[in-house]
Amino acid sequence: MVDERKVIFGIDIMPGSSPSSSKEAKYSLVILNDNRVIGEYENAPLRRIIRLAWEYRPSIIAVDNIFELGESEKDVAKIISLLPPTTSIVQVTASREGFKKLCEVAFKEGIYLESHPPPLKAAYISAILASRGRGLRIKAVEAVSYTHLRAHETSLHLVCRLLLE
């Protein structure tokens with residue numbers, strides 16, 4: 001039985017893939033349940049990852065670079081909007097102090113890498129790091145003009161850009 005609260009996805013973009021390419025980007029995906037691998041996928045398109053997110057309803061999707069999901073803040077916000085509302089995106093290489101390489105963050109957690117690992121291993125490491133509380137949650141809210149904001153301002157409608165929580 002899968003406990004949704006303990007399901008974490010780790011994803012990493014495949015070499016040669018890009019969200020800005022005319023070809024569909026491909027990803028490696030590792031699915032953890034209570035820190036045990038229950039699924040591994042290589043060359044998965046983002047649409048498959050979104051479908052699997054609705055199937056497994058992970059609490060976290062861990063990435064090492066949020067812009068592997070989309071080339072702009074708007075693209076990333078759209079992807080986030082397609083995920084279950086209880087799923088958070090965590091960039092494990094981000095912290096209040098700034099950004100670090102995946103191998104540096106992993107080293108602080110006792111995971112030793114000599115260089116950037118292959119995508120499937122990077123996806124696994126991202127998921128493990130997120131399970132240990134590393135990284136920052138990414139929130140997506142729609143960006144609008146100040147005039148538009150003032151016209152619709154209420155305590156429930158404060159609108160910003162992508163934020164690192």
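Which residues in α1 are buried? In this predicted model, the buried residues of helix α1 are L46, I49, I50, L52, A53 and Y56. Because the arc they cover around the axis is only 165°, they sit on the same side of α1. The face turned away from that buried side carries exposed residues, R47 and E55. Among the elements that cover the buried residues of α1 are β1, β2, β3, β4 and α2. With this helix as a starting point, the rest of the chain can be laid out around it.

The chain has 165 residues, of which 41% count as buried. Its secondary structure comes to five helices and nine strands, and these follow one another along the sequence in the pattern β-β-β-α-β-α-β-β-β-α-α-β-α-β.

The largest nonpolar core contains 26 residues, and the members that touch the most others are F9, L29, I49, L69 and I89. Two or more residues of this core come from each of β1 (7–13), β2 (26–33), β3 (36–45), α1 (46–56), β4 (60–63) and α2 (73–81). Helix α1 gives the largest share, six residues. A second, separate core holds 19 residues, including L113, A123, I125 and A130.

I49 is placed in helix α1 and counts as buried because its relative accessibility is 2%, under the 20% limit. Apart from neighbours within four places in sequence, I49 is in contact with F9, I11, Y27, L29 and A44.

Strand β5 (residues 88–91) pairs with β4 in the parallel sense, over four bridges, and V63 stands opposite Q91 of β5. Together, β4, α2 and β5 make a β-α-β unit that is right-handed. Strand β5 also runs antiparallel to strand β8 (residues 136–139), to which three bridges join it. Here V90 has R137 in β8 as its bridge partner.

How many aromatic pairs does a search of the whole structure find? The search finds two. In the pair formed by F9 and Y56, the arrangement is edge-to-face, with 6.2 Å centre to centre and 70° between the planes. This pair links distant parts of the chain, since F9 belongs to strand β1 and Y56 to helix α1, 47 residues apart. F9 is buried, with a relative accessible area of 0%, and Y56 also counts as buried, at 17% relative accessibility. The other pair, F107 and Y112, is edge-to-face as well, at 5.3 Å centre to centre and 75° between the planes. Both F107 and Y112 are exposed.

Two backbone positions complete the picture. Most residues other than glycine have a negative phi. N43, which is not a glycine, has a positive phi near 60°. The place of N43 is in strand β3, and this residue counts as partly exposed because its relative accessibility is 45%. R57 is likewise not a glycine, yet has a positive phi of about 50°. R57 follows α1 and lies in the loop between α1 and β4. With a relative accessible area of 31%, R57 is partly exposed.

Key. Residues are numbered from 1 along each chain as its sequence is written. This is a predicted model: local features need pLDDT of at least 70, side-chain atom pairs count only at pLDDT 80 or more; totals for chains, interfaces and linings use all residues. Side-chain values use heavy atoms; hydrogens and water are left out. A nonpolar core is a set of buried Ala, Val, Leu, Ile, Met, Phe, Trp, Tyr and Cys residues joined through side-chain atoms within 4.5 Å. Buried means under 20% relative accessible area, exposed over 50%, partly exposed in between (1.4 Å probe, protein chains only). Rings of Phe, Tyr and Trp (its six-membered ring) pair if their centres lie within 6.5 Å; planes under 30 degrees apart count as stacked, over 60 as edge-to-face and the rest as tilted. Two strands pair if DSSP finds at least two bridges between them. A crossover is right-handed if, with the strands pointing away from the viewer, the path from the first strand over the helix to the second runs clockwise. Contact means heavy atoms within 4.5 Å. The arc is that of the directions from the helix axis to the C-beta atoms.
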